[in-house]
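Have the structure open as you read.

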Amino acid sequence: MKLGYKKIVVKVGSNVITQANGLPDEARIKHLVNQLADIKKQGIEVILVSSGAVASGRSLIKVSEKQDAVTTRQLLAAIGQVKLINTYSNFFAAHNIQCAQVLVTKEDFRDRAHYLNMKNCLQILLQNEVIPVVNENDVVSVTELMFTDNDELAGLIASMLNADALIILSNVNGIYNGDPKIEGSAVIEEINGSVANLASFIQTGKSQFGRGGMITKSTMAQKVAKLGISVHIANGTKDDVLISLLNNDLVHTRFVPEKSKSGKKKWIAHSETAATGVVKLNDGAKTVLTSGKATSLLPVGIIEIQTDFLKGDIIKIIDEKNNLIGLGIAEYGSDKARERIGQKKQKALVHYDYFYSAI
Ligand SMILES: Nc1ncnc2c1ncn2[C@@H]1O[C@H](COP(=O)(O)OP(=O)(O)O)[C@@H](O)[C@H]1O
Ligand SMILES: N[C@@H](CCC(=O)OP(=O)(O)O)C(=O)O
């Protein structure tokens with residue numbers, strides 16, 4: 001396969017594997033599994049992140065209209081996930097491949113110990129030639145405990161496992177430079193670095209069964225590419241999409257990866273919700289810290305400690321206008337940091353190795 005990847009994470013959106021009438025599209029699931037089996041047999045490690053539990057559940061049970069949205073989602077996902085994983089399991093078995101169900105919540109990534117537990121679990125499956133089929137555990141993840149969508153989850157898994165590529169399969173050919181439905185809009189084939197006006201191309205509407213939409217997909221893709229992982233957005237409803245993509249023979253959107261970051265930086269990058277402290281910097285410190293040079297965060301550039309934190313906590317670093325600059329691990333607690341605000345020649349609050357720039 002021309003692209004030469006050794007480890008890939010493939011994310012399949014609900015729309016790809018659900019028919020217009022809401023029933024699971026078994027033929028498409030089978031076709032995707034056939035491709036994944038082919039890819040695995042060529043020695044590439046594969047992790048599948050599949051949506052579709054709620055959509056599958058909808059085909060199995062009629063829900064009362066009086067039931068609220070949260071409990072409806074719990075009910076549909078609880079029933080639908082069984083059907084979804086059985087379908088995958090049967091199709092993989094035809095290739096003598098075992099797959100495993102891995103259901104996760106945001107909580108499973110909340111601190112380094114939980115994160116490493118999850119990483120070990122996936123690694124042991126891969127070492128045993130099993131294909132993990134990951135989904136959010138929708139039965140217990142509600143409201144603020146939820147991932148934005150499975151694109152966020154897939155980005156997290158790709159970063160955690162140091163994958164070479166994350167392939168997101170949706171029901172469009174990629175990100176278009178206008179409304180995909182309007183003639184004259186074309187697929188943006190390559191996105192290199194942060195593209196300031198990317199969001200302006202994207203319509204806020206979602207596809208019929210999707211959760212996050214294209215804006216969250218592109219924000220996540222830019223973040224993951226920044227960590228050193230290629231991200232591809234392609235049309236999962238096309239025949240042989242994965243094989244064509246890996247042979248570099250498919251029109252789609254590719255986010256060019258930057259230099260690979262360390263495992264710890266990848267973890268920090270995805271830890272915004274676990275951050276305790278908030279530290280505000282002046283513009284000079286912001287410029288230096290985001291210049292791309294290896295620079296640590298020194299107290300001289302701090303103007304305010306907004307929220308307390310302990311040594312070792314993840315902290316949010318913001319600018320004078322309260323925009324996020326990055327995330328880092330505090331070398332000491334907020335008490336000491338407050339004493340040192342604006343002072344020269346003090347120990348760095350965040351060492352460069354433990355700083356992730358969000359800009
Ligand atoms: N500029 C754009 N390029 C591509 N798709 C777009 C764009 N703007 C909005 N979209 C919409 O985003 C949808 C895909 O996102 P989403 O509904 O989250 O899908 P999925 O279920 O695959 O995660 C497409 O079906 C499309 O309608
Ligand atoms: N976890 C949910 C899917 C959530 C989700 O992000 O869906 P999608 O936007 O189609 O990838 C399910 O299995 O139904």
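Aspartate 151 is buried, at 2% relative accessible area (buried means under 20%, exposed over 50%, partly exposed in between, with a 1.4 Å probe and protein chains only). Its salt-bridge partner is lysine 217, with the closest N and O atoms 2.8 Å apart; a salt bridge here is a side-chain nitrogen of Lys or Arg within 4 Å of a carboxyl oxygen of Asp or Glu. Aspartate 151 sits in helix α5 (residues 150-160) and lysine 217 in helix α7, so this pair ties together parts that are 66 residues apart in sequence. Lysine 217 counts as buried too, at 9% relative accessibility.

A word on the ground rules: this is a predicted model, where local features need pLDDT of at least 70 and side-chain atom pairs count only at pLDDT 80 or more, while totals for chains, interfaces and linings use all residues. Residues are numbered from 1 along each chain as its sequence is written, chains are lettered from A and ligands numbered from 1 in the order written, and side-chain values use heavy atoms, leaving out hydrogens and water.

| Salt bridge | Closest N and O atoms |
|---|---|
| Aspartate 151 – lysine 217 | 2.8 Å |
| Glutamate 107 – arginine 110 | 2.8 Å |
| Lysine 316 – glutamate 272 | 4.0 Å |

Glutamate 107 is partly exposed at 37%, and arginine 110 is partly exposed at 37%. Lysine 316 comes in at 25%, partly exposed, and glutamate 272 at 34%, also partly exposed. Salt bridges with shared partners join Lys11, Asp151 and Lys217 into one network.

On to the domains. The assignment gives domain 1 (7-266) and domain 2 (275-357), with bounds from an automatic or database domain assignment. Their C-alpha centres lie 34 Å apart. About 530 Å² is buried between them, 57% of it from carbon and sulfur atoms; that's the accessible area (1.4 Å probe) the two parts lose on being put together, summed over both. Lys226, Lys264 and Lys265 supply 80% of what domain 1 buries against domain 2, more than any other three residues. Yet the count of salt bridges between the two domains is zero.

Last, serine 50. Is this residue buried or exposed? At 1% relative accessibility, serine 50 counts as buried. Its contacts (heavy atoms within 4.5 Å), leaving aside neighbours within four places in sequence, include Val12, Leu84 and Asn150.

How values were computed. Helix = DSSP H or I, 4+ residues; strand = E, 2+ residues; numbered from the N terminus.
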